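User: I would like to learn how to read the features of a protein model. Please take me through them one at a time, general idea first.

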Amino acid sequence: MTAATNLSEVDIRWSTRKLKAWDSFVWRADRTSVWVQKSGDDWMIAGNRDDEDSENTIGLATSLPISVDWQRWTGFGERSTVRFNPAFPDRPLVVKTRAPVMIPSDQTVDLFLNIPIWVEVCVEEGELSDVLGLFPSKLLSNTWFGDQFEGELCYVLKSLARRTKDDLKIEPLAATCRFSITNRFEEPLPLDRIRVLPRHLSIYKSRRRLWTSPIIVVSHGPDQPSHLSYPEEPHDEALAVLELVRPPEEVYRPSFFRESFAQYTKALFE
């Protein structure tokens, strides 16, 4: 096994740990804390979101909180390995940029933004893996995407989308996504909200941060269908060596939006 001193913070954070009976473990990053205890053959698990940033901690716990809600899992026999996985929120996201981005005619613009990552805790043994809990890292507001007849419930995310990845802050509980949009219309295209479908995104890791697979949009004008794609592979400008951490929940089949770009953005505003 690779020595812990040679592992990056990303590798240490998203890894497996072997626990003995009655061992307690704490996983803390940003404002999210998770505690796990192997209680004989059972597993105890709890999570909490702190009001303020706390020091990142990953290791055996000397004490456990009593003011949080605990769950007890049984039926896993002698499994002793717990894994912490990055996972996406359970709904689509409507990402709002701080200021509208104007896309010139016949130009392609890349925006880099951070997608929140939730903490998934599993117990494993060989090929067997069962999820004990999924813990949100951010409190996100709800919004409705669509009209009164058809649509879906989404989360709202305010993002400081950046033009280059180096200008985007590395967050322990976020994955960097490159959103690429091409304007094939003869006039500038305004963009101030982006709809993200996390179930179509992969998660990769480098030594410094988590990445998602890219999102690519080609717009042919306000009244024309736009082409959307979710490639499974990382984009070309990502770091040379990336490790796949989580494949997409559902592979996206490239197609045209059923509605025009104007209708799409109007739905985002409502």
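This is a predicted model: local features need pLDDT of at least 70, side-chain atom pairs count only at pLDDT 80 or more; totals for chains, interfaces and linings use all residues.

User: How do I read the largest nonpolar core, and which residues touch the most other members?

Analyst: The general idea is that nonpolar side chains tend to be buried together in soluble globular proteins. Here the largest nonpolar core has 50 residues, and Trp 14, Val 34, Val 36, Phe 84, Val 119 and Val 121 touch the most other members. Take Val 119 as an example: leaving out residues up to four places away in sequence, its contacts include Trp 14, Trp 27, Val 34, Phe 84 and Leu 173. The contacts of Val 119 also include Thr 32, Asn 85 and Gly 133.

User: How many aromatic pairs does the structure hold?

Analyst: There are six aromatic pairs. Trp 14 and Trp 27 form one that is tilted, with 5.3 Å from centre to centre and 45 degrees between the planes. Trp 14 sits in the loop between H1 and strand S1 (16-18), and Trp 27 in strand S2 (residues 24-29), so this pair ties together parts that are 13 residues apart in sequence. Trp 14 is buried at 5% relative accessibility, and Trp 27 is buried at 0%. Ring pairs also join Trp 14, Phe 25, Trp 27 and Phe 84 into a cluster.

User: Now the charges. How many salt bridges does a search of the whole structure find?

Analyst: The general idea is that side chains of opposite charge can pair when their charged atoms come close. The search finds 10 salt bridges. One of them joins Arg 13 and Glu 9, at 3.8 Å from N to O. These two residues are four apart in helix H1 (residues 9-13), which means about one helical turn separates them. Arg 13 is buried, with a relative accessible area of 7%, whereas Glu 9 is exposed, at 59%.

User: Which parts of the chain does the pair of Arg 184 and Asp 106 tie together?

Analyst: Arg 184 and Asp 106 form a salt bridge in which the closest N and O atoms are 2.9 Å apart. Arg 184 is in the loop between strand S14 (174-183) and strand S15 (189-196), and Asp 106 is in the loop between strand S8 (93-103) and strand S9 (107-116), so parts 78 residues apart in sequence are tied together. Both are partly exposed: Arg 184 has a relative accessible area of 48% and Asp 106 one of 49%.

User: Are Arg 178 and Asp 110 buried or exposed?

Analyst: Both Arg 178 and Asp 110 are buried. Their side chains meet in a salt bridge, at 3.7 Å from N to O. This pair links distant parts of the chain, with Arg 178 in strand S14 and Asp 110 in strand S9, 68 residues apart. Elsewhere, salt bridges link Asp 11, Lys 205 and Glu 243 in a network.

User: Where is Leu 160 found, and which residues is Leu 160 in contact with?

Analyst: Leu 160 is in the loop between strand S13 (151-159) and S14. Leu 160 is partly exposed, with a relative accessible area of 38%. Setting aside neighbours within four places in sequence, Leu 160 is in contact with Arg 98, Phe 112 and Leu 168. Sequence separation and distance in space are read separately: Leu 160 and Lys 96 are 64 residues apart in sequence and 8.4 Å apart in space, C-alpha to C-alpha.

Key
Residues are numbered from 1 along each chain as its sequence is written. Side-chain values use heavy atoms; hydrogens and water are left out. A nonpolar core is a set of buried Ala, Val, Leu, Ile, Met, Phe, Trp, Tyr and Cys residues joined through side-chain atoms within 4.5 Å. Buried means under 20% relative accessible area, exposed over 50%, partly exposed in between (1.4 Å probe, protein chains only). Contact means heavy atoms within 4.5 Å. A salt bridge is a side-chain nitrogen of Lys or Arg within 4 Å of a carboxyl oxygen of Asp or Glu. Rings of Phe, Tyr and Trp (its six-membered ring) pair if their centres lie within 6.5 Å; planes under 30 degrees apart count as stacked, over 60 as edge-to-face and the rest as tilted.
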